[in-house]
Amino acid sequence: MRGCSWCFHESHSVSPKQTAAIAQSETLQALQIAGTGRTPTSIPEYLHNTYWWAYLHPRAVHIFERQWLVNLILWGNFASLRVAALQELGDVINGRVLQVACVYGDFTEHLVRRLGPAGSVDVIDVAPIQIKNLQAKLSNPQHVNALLQDSSDLHFEDGSHDAVVVFFLLHEQPAEVRRKTIAEALRVTKPGGKLIFVDYHKPMALSPFRYLMVPVLTTLEPFAMDLWNGQIADWLPADISVSNVDKQTYFGGLYQKVVITR
Ligand SMILES: C[S@@+](CC[C@H](N)C(=O)[O-])C[C@H]1O[C@@H](n2cnc3c(N)ncnc32)[C@H](O)[C@@H]1O
């Protein structure tokens with residue numbers, strides 16, 4: 001419990017999870033004072049309960065914001081998956097692109113490098129600390145419009161973006177949130193525009209990762225197996241039609257890229 005040191009109050013030791021929650025609200029206040037975003041919806045429960053140590057705790061950013069570490073977590077595939085996602089946008093981006101959720105490492109930096117004179121990038125994340133980290137790590141933060149928003153309830157008009165990228169977010173979300181994230185990402189993609197997902201996928205039977213990753217994912221990423229056992233295309237909303245769905249897998253099937261053309 002926080003308060004003046006001489007007042008009579010109950011004294012609790014503060015758990016790392018509580019520290020993360022306090023830091024989030026302080027960072028949020030700082031962001032609001034700085035006027036960098038509208039008031040976001042609150043931190044979703046799954047993020048707070050399951051991923052506080054990876055994305056919300058103040059030390060998380062210091063630990064995980066290392067290129068070599070995010071590359072190691074993806075078994076050395078970070079750069080090739082980043083390229084696979086970004087090449088869908090073309091060498092020079094002249095449209096409006098949305099990146100749904102921040103990504104540790106240099107994903108956004110490489111996205112910004114492709115911007116042409118008429119290109120722009122919006123990045124949304126629900127965690128204030130992640131928005132602050134993004135702004136701090138970019139070499140040209142003024143080229144990115146970083147906003148506090150929830151992927152399951154985007155504050156953009158229908159068809160507002162030429163392309164939308166969702167990099168390794170879906171496996172972290174419970175099925176009902178994932179479904180809303182996919183529906184929202186598709187809603188804000190222009191007719192004819194591209195929606196690009198890169199995420200985990202169930203490896204082929206001969207891949208050792210099909211067996212090695214099960215204990216890792218079931219322990220650390222409780223919603224990921226659900227993504228393994230389904231198809232992203234199966235979670236598309238019924239009320240928005242798409243003209244094409246293209247899926248490619250990588251690294252023996254452990255990763256997938258799904259490109260949906262509206
Ligand atoms: C994109 S995912 C993981 C990406 C990748 N594993 C990495 O290295 O960063 C992580 C981000 O998603 C954000 N996130 C999780 N749920 C979200 C939601 N509902 N809306 C917006 N951002 C969300 C987290 O705050 C975090 O910054």
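Of the contacts in this protein between residues at least 6 apart in sequence, 73% join residues at least 24 apart; two residues are in contact if their C-beta atoms, placed from the backbone, lie within 7 Å. The structure is a predicted model, in which local features need pLDDT of at least 70, side-chain atom pairs count only at pLDDT 80 or more, and totals for chains, interfaces and linings use all residues. Residues are numbered from 1 along each chain as its sequence is written.

The protein has eleven helices and seven strands. These are DSSP runs numbered from the N terminus, helices being H or I with at least four residues and strands being E with at least two. Buried residues account for 37% of the 262 residues. A residue is buried if 20 or more other C-beta atoms, placed from the backbone, lie within 10 Å of its own, exposed if 12 or fewer do, and partly exposed in between.

Let me turn to the sheet. Seven strands form an open sheet in the order β3-β2-β1-β4-β5-β7-β6, with mixed pairing. Its edge strands, each pairing on one side only, are β3 (144-148) and β6 (244-250). From one strand to the next, the twist averages 15 degrees. Two strands are said to pair if DSSP finds at least two bridges between them. In general, strands of a sheet pair through backbone hydrogen bonds, either parallel or antiparallel.

Which residues does β7 span, and in what sense does it pair with β5? Strand β7 covers residues 255-261, and the two pair in the antiparallel sense over seven bridges. Within β7, Y255 is the bridge partner of Y200.

Two helices lie across this sheet. Helix α6 (residues 78-86) lies across β4 (161-167), β5, β6 and β7, and runs at about 170 degrees to β5. Helix α8 (residues 128-137) lies across β2 (120-125) and β3, at about 165 degrees to β3. For these angles, axes are lines fitted to C-alpha atoms, for helices over the stretch in contact, and angles run from 0 to 180 degrees between N-to-C directions.

I now come to D199, which is found in strand β5 (residues 189-200). Why does D199 count as buried? It does so because it has 21 C-beta neighbours inside 10 Å. Leaving aside residues up to four places away in sequence, D199 touches F168, L170, H171, L227 and Q256. The C-alpha atoms of D199 and Y255 are separated by 5.7 Å, although these residues are 56 apart along the chain.
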